[in-house]
Amino acid sequence: MNYQPNPNRYNEMTYNRCGSSGLLLPAFSLGLWHNFGHMDDFDNARTIVRKAFDAGITHFDLANNYGPPAGSAETNFGKIFKSDLAAYRDEVIISTKAGWKMWDGPYGDFGSKKYLVASLDQSLKRMGLDYVDIFYHHRPDPSTPLEETIGTLDLMVRQGKALYVGISSYFAEETKEALKIFKELGTPCLIHQPRYSMFDRWIEDGLLDVLGQEGVGCIVFSPLEQGLLTNKYLKGIPASSRAASGRGNGAIEADQITPEKLEIVRKLNEVAQKRGQSLAQMALSWAKRDPRVTSVLLGVSRPEQLEDSLDALKNPDFDEAELNTLENILSGKSN
């Protein structure tokens with residue numbers, strides 16, 4: 001039976017303007033970093049994508065090296081897109097990135113024009129697309145002139161291979177330099193994708209200020225610290241968890257789940273319970289509390305996790321007392 005999306009899907013989601021652009025992004029977007037590669041269950045991945053679209057998630061975020069193995073998340077998404085979403089292409093935002101190692105040899109990594117052009121061409125073929133909505137440079141490259149990297153992003157827009165472009169994981173000063181070049185070229189930088197969570201708050205030290213001042217959107221990844229900011233690890237490391245999988249590709253490892261972090265997680269969980277939320281829901285609400293954060297990327301392995309995450313929309317706000325309590329817990333000042 002052909003997929004028929006929920007006709008009321010846009011009533012289920014909040015949409016935010018991306019910086020000073022004309023583009024609206026859903027408050028929650030679906031990230032395909034893990035759980036969508038060839039080592040994962042394809043039918044499960046397809047169910048998650050369908051449920052996301054049914055809930056009003058219009059934005060699906062990928063990268064050339066997502067899987068594992070690298071490239072397989074794009075390949076699988078391309079199959080799902082062709083079977084289920086192709087008829088709704090004008091209602092879908094698809095992003096991909098290049099900047100981490102994708103293939104052997106001198107042209108398969110970082111930020112050269114050679115690599116970025118080849119990578120986007122490969123990504124389009126894997127997904128069966130004529131263009132992506134957003135193409136990112138995935139990380140700064142200290143060895144390639146920034147003018148070359150940003151100039152290539154500009155070229156991808158002018159060639160029609162990407163509607164918008166962005167950068168990921170650039171620090172505040174690097175972002176300022178990149179934005180200056182974007183302006184000189186006449187192609188705006190739509191969005192920045194940094195890592196952000198209660199345990200990783202580096203973007204508060206200048207980057208959010210730069211993005212707000214320059215009218216650049218912000219979409220954050222790993223808001224749940226790959227499951228650490230959930231109740232998943234409170235009683236140990238489940239055999240089915242990402243930490244126990246040894247999947248690599250940046251996935252959380254068991255030795256990162258320390259007793260000190262788990263004690264903080266337990267205290268955070270108590271606050272979440274008082275708010276009538278799961279810990280995951282509270283962590284997602286916290287990650288999007290700043291109006292400069294356009295969207296939060298969800299990474300889920302099961303449809304039920306997606307449904308739980310989306311329920312964060314029911315209680316997105318914090319009062320001052322709750323924020324103070326959370327700050328004390330995170331800073332180690334709570335008893």
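Is the crossing of α3 and α4 left-handed or right-handed? It's right-handed, and the views below take this pair and one other in turn. The model is a predicted one, where local features need pLDDT of at least 70, side-chain atom pairs count only at pLDDT 80 or more, and totals for chains, interfaces and linings use all residues. Numbering starts from 1 along each chain as its sequence is written, and side-chain values use heavy atoms, with hydrogens and water left out.

**View 1. Helix α3 (residues 113–127) packs with helix α4 (residues 146–158).** Their axes (lines fitted to C-alpha atoms over the stretch in contact) sit 9 Å apart at an angle of about 30° (scale 0 to 180 degrees, between N-to-C directions). So α3 runs roughly parallel (angles under 35 degrees) to α4. Helices here are DSSP runs of H or I, at least four residues, numbered from the N terminus.

**View 2. Here are the residues where α3 and α4 touch.** On α3, look for K113, L116, V117 and L120; on α4, the contact (heavy atoms within 4.5 Å) takes in E148, T149, T152, L155 and M156. Sorted by type, that's five nonpolar (Ala, Val, Leu, Ile, Met, Phe, Trp, Tyr, Cys and Pro), two charged (Asp, Glu, Lys and Arg) and two polar (the others, Gly among them).

**View 3. Helix α5 (residues 172–185) packs with helix α6 (residues 207–214).** The angle is about 20° and the axes are 9 Å apart, which means α5 is roughly parallel to α6. This crossing is right-handed (near helix turned clockwise from the far one by less than a right angle).

**View 4. Now for the residues joining α5 and α6 in contact.** A172, T175, K176, L179 and K183 come from α5, with L207, V210, L211 and E214 from α6.

Methods: Helix = DSSP H or I, 4+ residues; strand = E, 2+ residues; numbered from the N terminus. Parallel < 35°, antiparallel > 145°, perpendicular 65-115°, else oblique.
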